[in-house]
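This report looks at one protein chain. It takes the charged pairs first, then the fold, then the cores.

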Amino acid sequence: MTGLKILKDFPTIVKNIMKRIYLSLIASFLFLTPVFGAGIESTTYNNLIAGISRVRAPVVSGRYVVFTASGKARYTGIAFEYENYRQTYSFQKIIRKGFDGKAEKDENGKELDPILFYITEIPPGLHELRYRMVIDGLWTTDPLNRKTEYDYANGMQVSTLPVEY
């Protein structure tokens, strides 16, 4: 009897499992989009990410700036002067994969290093973005941006990026 009952209820059990999976995926998407998108419209955010192909100096793209860093670091974050360096934002990781879903490799067969990135919207009225980075726990200027200045008010060297928005 028990075996027959299980077979009879099997479609209902599968349906309930699928419903739970579906709802958890929706909940995850709703939770993670604001965290990773930082309020950026999802299509714009995805297009900006698609444009990241290598680690390089910050790139201004319309109202946004894309920062990248080497994936060799365990942690990379960024803080901005317009927030008095109070908030540190964590970089996200891109693992480069081929069409087969496997990690891409260089000509020697070694897997390519991941790329870390952070995308921010340029605050209205700002003509220069001043920022500091945290790489593996150490505050520093952006190693990919040669433009730096000494911030006398805070007593430290900062990276600068001219932005016209």
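## Salt bridges

The count of salt bridges comes to 5, a salt bridge being a side-chain nitrogen of Lys or Arg within 4 Å of a carboxyl oxygen of Asp or Glu. Side chains of opposite charge can pair when their charged atoms come close. The model is predicted, so local features need pLDDT of at least 70, side-chain atom pairs count only at pLDDT 80 or more, and totals for chains, interfaces and linings use all residues. Residues are numbered from 1 along each chain as its sequence is written, and side-chain values use heavy atoms, with hydrogens and water left out.

Strands (E, at least two residues) and helices (H or I, at least four) are DSSP runs, numbered from the N terminus.

## A linked network

Glu81, Glu128, Arg130 and Glu149 are linked in a network of salt bridges. Glutamate 81 and arginine 130 have their closest N and O atoms 3.2 Å apart. Glutamate 81 lies in the loop between S3 and strand S4 (89-90), and arginine 130 lies in strand S7. Arginine 130 also meets glutamate 149, at 2.6 Å from N to O. Glutamate 149 belongs to strand S9 (residues 148-151).

Is arginine 130 buried or exposed? Arginine 130 counts as buried because its relative accessibility is 12%. Buried means under 20% relative accessible area, exposed over 50%, and partly exposed in between (1.4 Å probe, protein chains only). Glutamate 149, at 32%, counts as partly exposed. Glutamate 81 is also partly exposed, at 29%.

## The fold

The chain has 2 helices and 10 strands. Buried residues make up 28% of its 165 residues.

## Two cores

A nonpolar core is a set of buried Ala, Val, Leu, Ile, Met, Phe, Trp, Tyr and Cys residues joined through side-chain atoms within 4.5 Å. The largest has 14 residues. Val65, Phe67, Ile78, Phe80, Phe91, Leu129 and Tyr131 touch the most other members. Strands S2 (64-70), S3 (76-80), S6 (115-121) and S7 (128-135) each give two or more residues to this core. Apart from it lies another core of 10 residues, among them Tyr45, Leu48, Ile94 and Ile115.
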